[in-house]
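Subject: Handover of a structure

Dear colleague,

Please find below the sequence and the structure that I am handing over to you.

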Amino acid sequence: MTDPARTSEVTVGGDESSSPASTARRRDPVRSAAEDVVRLEQVSKIYPGTKTPAVDNIDLVIQPGEFYSLLGPSGSGKTTTLRMIAGFERPTAGRVFLGETEITRRPPYKRPIHTVFQSYALFPHLNVRQNVGYPLRMAGVGKGEIKSRVQEFLERVAVADFADRMPHQLSGGQRQRVALARALIAEPQLVLLDEPLGALDLKLRQEMQVVLQHIQREVGITFVYVTHDQGEALAMSDHIAIMADGRVHQIGTPQDVYSRPATPFVARFVGSTNLLDCTGTGAGRASAGSIDLEVADVPDTPTYSLSVRPEAIRLGGDADGCDNRLEGVVEEAIYQGSDIQLRIRVGEHLVKARGDVGSFGPGEKVAVGWNRADAVGIAPEAEPAAAK
Amino acid sequence: MGRPTEKLRGAARYLLALPAIVWVGLLVIAPNLVLVLYSFWKNELFGVNKTFTLENYEKVVQSDAVLTLMWRSLLIAGGAATLATLIAFPLAYVVVRYFGRFKFYAALLVIVPLWVSFLMRVYSWKIILGENGILNGFLQSIGVISHPSTVFLYSPWAVAVVMTYVGIPYVFLSSYTLLDRIPPNLFEAAADCGASPLRTFRTVIWPIARPAAVIGFMLVFVIVFGDYVSPTLVGGLSGTMVGSVVLQAFGALNNWPYGAALALSTVVMTLVVLGLLSLLLRKRIVLEGETA
Ligand SMILES: Nc1ncnc2c1ncn2[C@@H]1O[C@H](COP(=O)(O)OP(=O)(O)OP(=O)(O)O)[C@@H](O)[C@H]1O
Ligand SMILES: [Mg+2]
């Protein structure tokens with residue numbers, strides 16, 4: 001599929017020159033607004049009776065056919081954002097567009113958007129077949145066509161064998177699939193999924209991740225996927241919006257957000273990392289407390305956080321020849337099966353690293369090194385809005 | 001597991017159920033059996049002759065008055081139950097759906113009349129419908145009528161209106177409890193699938209909650225059908241119902257076998273109606289978070 005949306009970068013409004021993360025993104029000159037499936041413009045939501053906004057002035061652009069994830073910790077406003085797209089909540093401020101039409105105040109039943117609810121929300125009085133056919137029935141599709149379309153989608157999500165069962169006679173994974181079929185059958189422009197795998201065990205979760213991805217590619221419908229599982233988001237998405245406290249910290253491809261986090265929060269939340277508070281000391285040099293470092297990719301602010309992923313850190317002999325080479329003492333070595341997770345005291349810092357099983361033990365002296373290209377500087381936690 | 005312990009368990013279960021069995025037997029089954037026996041005995045001047053006879057039932061079936069009253073009771077009970085359901089079920093729906101955190105208080109307001117004595121609830125309608133009542137006063141003050149009218153009280157209509165009022169809390173209660181258990185995300189799921197609020201009601205809410213409405217209807221029907229208090233208070237002669245004759249047979253006429261036959265006839269009539277209504281009770285729907 002050579003959909004331009006898949007290859008082009010996501011475009012976000014606002015000042016793009018201020019942060020290192022935004023320089024990695026470009027505005028696609030040929031893309032017009034009409035290509036977007038959904039656009040949120042400066043949307044905020046303050047629930048009645050609360051003071052702090054659940055969603056605080058966010059801009060999102062979701063393009064046709066993509067798998068778009070909203071990733072963030074609990075309470076970050078993911079569900080609220082999704083519910084405003086679906087129409088279950090009205091934004092306190094801002095506007096929601098579907099293509100070029102504003103739909104901010106359109107009721108949910110008039111939006112070509114379907115949801116897979118976390119709790120499935122299957123109709124308890126209808127069997128599987130009737131549940132899946134319900135959106136078509138509401139759309140006034142003829143009985144014969146409903147029948148064949150339902151059969152097609154039941155087979156697609158592999159629940160055709162349970163077509164005549166009632167929802168309570170299904171397992172969690174089966175209900176999940178039925179809910180998915182119900183959301184897809186009317187061929188909406190957009191399917192919203194709110195932690196659809198949250199209630200499943202790990203094995204089924206991984207299985208369903210693959211199923212979801214396959215189906216999304218197959219039917220070509222845009223997915224907006226809410227999760228607080230960064231692994232899931234990285235594995236499945238074309239684009240990820242990372243949220244915290246109702247604000248968007250970064251929007252980008254999985255590689256973007258992993259390798260070029262826009263804020264310290266993103267660096268910490270997506271994967272595990274070492275964050276060193278640095279002060280610039282001239283071109284390509286910085287000091288982090290008592291240690292001096294060579295740096296490459298850093299913002300031009302006087303201070304910044306330097307993110308070094310544990311897997312970028314070389315130990316012992318491997319550290320020789322690295323741009324930065326420091327002496328440390330192992331404080332903690334945790335066996336993880338395929339490798340060990342180390343915490344190494346380097347001056348006043350505690351550095352996380354990975355080592356081969358049996359390589360280093362607590363109390364041992366070890367050389368710690370990394371190349372400057374493997375570390376990225378992040379401007380101090382400014383307003384996340386400016387870091388977009 | 002060994003058989004003896006299993007047997008013991010079975011026995012223990014019956015032992016536990018014993019109080020309930022005794023209760024039901026003593027207070028429900030026994031009195032009704034007595035009633036059945038009486039209905040087949042002969043009535044004599046100073047008591048009852050315990051010889052089998054069908055004459056009591058013949059008398060019931062052959063009495064035009066009884067049949068008229070039976071028919072009228074059926075109409076009034078059916079009408080009041082229908083009206084109460086038509087009012088209380090949508091009311092419960094609106095309260096559950098749109099009253100948010102105030103729904104509990106709204107529900108309380110609707111069922112508060114249940115705390116007031118039945119007699120009081122009926123009697124208060126005399127004050128509303130009577131010749132010097134509130135309704136007449138109101139109609140006079142807005143000039144619709146010039147003299148107080150007596151048509152409101154003492155008619156089958158008055159009984160139907162009063163019994164509708166009496167029945168509303170029952171239908172409301174049974175509807176509210178079920179509607180409140182419907183997970184809110186079903187409303188959203190229906191809207192999400194393209195159903196307008198009206199269609200959501202028709203295709204999701206009503207099919208799930210219908211049993212509650214039917215049970216409410218049944219409750220009201222049973223209460224109204226056998227009632228003799230409100231017909232006496234607000235029905236007048238033309239509003240008399242079959243319960244009044246039963247009372248009369250046991251009381252003024254002092255003809256217990258005839259009274260028993262009359263009473264059992266109304267019971268049979270009620271059971272027939274309930275049986276028909278129960279066809280509307282589809283098999284139980286398992287809501288989220290419940291087991292089958
Ligand atoms: N109906 C509501 N009324 C008031 N506050 C709410 C309501 N729903 C959510 N909130 C608040 O808004 C904030 C964002 O909630 P939201 O459900 O969007 O978070 P989330 O990112 O989906 O979290 P989770 O991962 O736990 O589902 C939270 O602080 C929450 O307490
Ligand atoms: Mg949520």
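Strands β9(A) and β10(A) form a hairpin with 2 residues between them, and in the turn A:D245 has a positive phi of about 50°. Please keep in mind throughout that this is a predicted model.

One of the pairs can be named: A:I240 has A:G252 in β10(A) as its bridge partner. In general, the strands of a sheet pair through backbone hydrogen bonds, and they do so either parallel or antiparallel.

Is β9(A) mostly covered or mostly uncovered? Strand β9(A) is mostly covered, with 6 of its 6 residues buried.

Strand β3 (residues 67–71) of chain A is joined to β9 (residues 239–244) of chain A by 4 bridges. Within this pair, A:L70 has A:A241 as its bridge partner.

The wider sheet

These strands belong to an open sheet of 6 strands in chain A, in the order β6-β7-β8-β3-β9-β10, with mixed pairing. At its edges lie β6 (113–116) and β10 (247–252) of chain A, each of which pairs on one side only. On average, neighbouring strands of the sheet are turned by 20° against each other, direction ignored.

Two helices of chain A pack on this sheet. Helix α6 (residues 172–184) touches β6, β7 (190–194) and β8 (222–227), and the direction of α6 makes about 175° with that of β6(A). Helix α7 (residues 202–219) touches β3, β7 and β8, and its direction makes about 155° with that of β8(A).

A residue on the edge strand

A:H114 lies in strand β6 of chain A. Its relative accessibility is 7%, so A:H114 counts as buried, the cut-off for buried being under 20%. The side chain of A:H114 reaches two backbone oxygens, one in each chain: that of A:A183 at 3.4 Å and that of B:D192 at 3.2 Å, the latter from a polar atom of the side chain. Beyond its neighbours within four places in sequence, A:H114 is in contact with residues including A:P135, A:R182, A:L190, A:V191, B:D192 and B:C193.

The size of an interface is often given as the accessible area lost when the parts come together. Here, the area buried between chain A and chain B is about 2000 Å², and carbon and sulfur atoms give 62% of that area. Which three residues supply more than any other three of the area that chain A buries against chain B? They are A:Y109, A:H125 and A:M138, which supply 32%. In terms of contacts, 20 residues of chain A touch 23 residues of chain B.

Two exposed residues

A:K147 is placed in helix α5 (residues 143–156) of chain A. With a relative accessible area of 61%, A:K147 is exposed, because exposed means over 50%. In sequence A:K147 and A:V191 are 44 residues apart, and in space they are 22 Å apart, C-alpha to C-alpha.

A:D318 has its place in the loop between β15 (314–315) and β16 (324–335) of chain A. A:D318 is exposed too, at a relative accessible area of 56%. From A:D318 to A:W370 there are 52 residues in sequence and 9.3 Å in space, C-alpha to C-alpha.

Chain A as a whole

Chain A holds 10 helices and 20 strands. It has 388 residues, of which 55% count as buried. The accessible surface of chain A comes to about 16500 Å², with 48% of it belonging to carbon and sulfur atoms. Among contacts in chain A between residues at least 6 apart in sequence, 66% join residues that are at least 24 apart.

With kind regards

Technical notes
Residues are numbered from 1 along each chain as its sequence is written. Chains are lettered from A and ligands numbered from 1 in the order in which they are written. This is a predicted model: local features need pLDDT of at least 70, side-chain atom pairs count only at pLDDT 80 or more; totals for chains, interfaces and linings use all residues. Side-chain values use heavy atoms; hydrogens and water are left out. Two strands pair if DSSP finds at least two bridges between them. Axes are lines fitted to C-alpha atoms, for helices over the stretch in contact, and angles run from 0 to 180 degrees between N-to-C directions. Contact means heavy atoms within 4.5 Å. Buried means under 20% relative accessible area, exposed over 50%, partly exposed in between (1.4 Å probe, protein chains only). A polar contact is a pair of N or O atoms within 3.5 Å; within protein, one must be able to donate a hydrogen and the other to accept it, and residues adjacent in sequence count only if both atoms are side-chain atoms. Accessible areas come from the Shrake-Rupley method with a 1.4 Å probe; for residues, only the protein chains shown count as cover. Buried area is the accessible area (1.4 Å probe) that two parts lose on being put together, summed over both.
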